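Subject: Structure handover

Hello,

Here is the structure we discussed. My notes follow below it.

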Amino acid sequence: MTDNNAPRRALIIGGSLAGLLAATCLRAAGWQVQVFERSPHALSGRGGGIVLQPDVTAAFDYAGVQHDASIGVRSGDRIFLTASGDVLQRAHMPQVQSSWNKLYALLRRALPDGIIEAGQQLDRFEQHDGQVTAHFTSGHLATGDLLVGADGPASAVRAQLLPQSVPAYAGYVAWRGLVPEHALDGAAFRLLEQVFTFQQGQGHQLLEYMVPGQDESVAKGARRWNWVWYRNVAAGAALDALMTDTSGRRRRYSLHPGAVKQVDHDGLLADARAMLAPPLRQLVEATAQPFLQTIVDLETPRMVFGRTVLIGDAAFIPRPHTAGGAAKAAANAHALALALAHGGADIDGALARWEPDQLRHGRQLVSWGIDAGRQIMGNAA
């Protein structure tokens with residue numbers, strides 16, 4: 001017999017932002033959680049800049065994740081530069097920019113030791129009698145009342161549930177970099193500080209903004225410049241060559257810092273010198289280890305499968321133009337925790353009530369990102 005008063009247990013597959021958001025929110029709703037991350041190494045230090053959205057701070061507040069003004073760096077104006085470096089357009093649009101590293105660190109510190117099990121790759125799972133059992137390639141087994149697939153674009157949970165639902169390449173990539181604040185000279189620094197900057201060209205767009213430093217500091221002098229350069233790259237041989245890392249392995253979705261081949265780094269620098277405004281060119285040239293992601297679209301028809309759910313990029317992948325990836329994961333996790341907290345013993349009813357809004361919001365965000373990509377990048381996107 002099941003004890004209806006016993007704490008419910010959730011198995012969370014994926015230890016990146018979506019997984020930790022689910023873990024902190026579900027703990028706040030009274031659930032026991034265990035997070036299984038396939039990487040054997042700590043994830044801190046990965047990722048780039050993130051435009052902070054209210055959904056993230058709302059999830060943090062619900063989960064009791066401590067944060068303050070140091071969560072990000074404020075900007076005031078948005079400016080558009082010409083290729084020569086002149087300001088073409090300026091508008092006052094204040095916002096806060098954080099970083100993947102900062103948000104991850106805040107979430108990680110909010111979880112007790114032992115919650116995250118690293119080096120656990122999901123092999124398969126099965127559902128039975130209102131429970132889910134996860135089998136890992138290590139031989140480890142875990143059973144809970146709910147399994148949360150928060151394992152990103154290459155989701156092993158989604159692959160078992162929806163093997164035909166795979167991310168579709170959008171026709172372009174995003175080169176990215178993080179640069180210490182002191183890397184820019186006086187004129188470039190004065191132009192870019194406290195603004196969100198764009199340069200738009202034929203078939204490309206670069207944007208930059210300031211984020212917390214590697215040590216999470218937002219003190220002047222300790223921050224970093226974050227830049228993203230969208231470039232069209234044709235599917236096939238060109239993309240395969242670019243996404244092959246220094247070890248010769250063809251990566252599907254991203255190349256981490258240090259994995260970009262020297263020939264591709266050299267090509268990036270040459271293009272920057274030919275195409276970018278001087279301050280933005282300085283940023284690219286000052287980046288010791290640029291990294292790279294393919295821009296993809298993913299929209300799943302469902303998010304609830306019995307006692308298994310998909311959240312974050314395992315369910316929907318909006319293009320980065322929406323600034324909505326982290327916010328979507330936060331909204332999924334926060335709403336899931338609220339539904340389960342209000343649903344009491346009726347877990348299945350709570351999941352059924354949670355799913356429709358999450359599907360609608362995911363579809364809207366993906367559609368918005370596709371429209372934005374086409375406007376920015378042209379017909380190839």
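How many aromatic pairs does a search of the whole structure find? Seven. Rings of Phe, Tyr and Trp (its six-membered ring) pair if their centres lie within 6.5 Å; planes under 30 degrees apart are stacked, over 60 edge-to-face, the rest tilted.

A word on the source. This is a predicted model: local features need pLDDT of at least 70, side-chain atom pairs need 80 or more, and totals for chains, interfaces and linings use all residues. Residues are numbered from 1 along each chain as its sequence is written, and side-chain values use heavy atoms, without hydrogens and water.

Phe-36 sits in strand β2 (residues 32-37) and Phe-136 in strand β8 (residues 131-136), so the pair ties together parts 100 residues apart in sequence. Strands (E, at least two residues) and helices (H or I, at least four) are DSSP runs, numbered from the N terminus. Phe-36 is buried, at 1% relative accessibility. Phe-136 is buried too, at 4%. Buried means under 20% relative accessible area, exposed over 50%, partly exposed in between (1.4 Å probe, protein chains only). Ring pairs also link Phe-80, Phe-196, Phe-198 and Tyr-209 into a cluster.

Next, helix α3 (residues 100-109). Eight of its 10 residues are buried, so α3 is largely enclosed by the rest of the structure. Among them are Trp-100, Tyr-104 and Leu-107.

Best wishes
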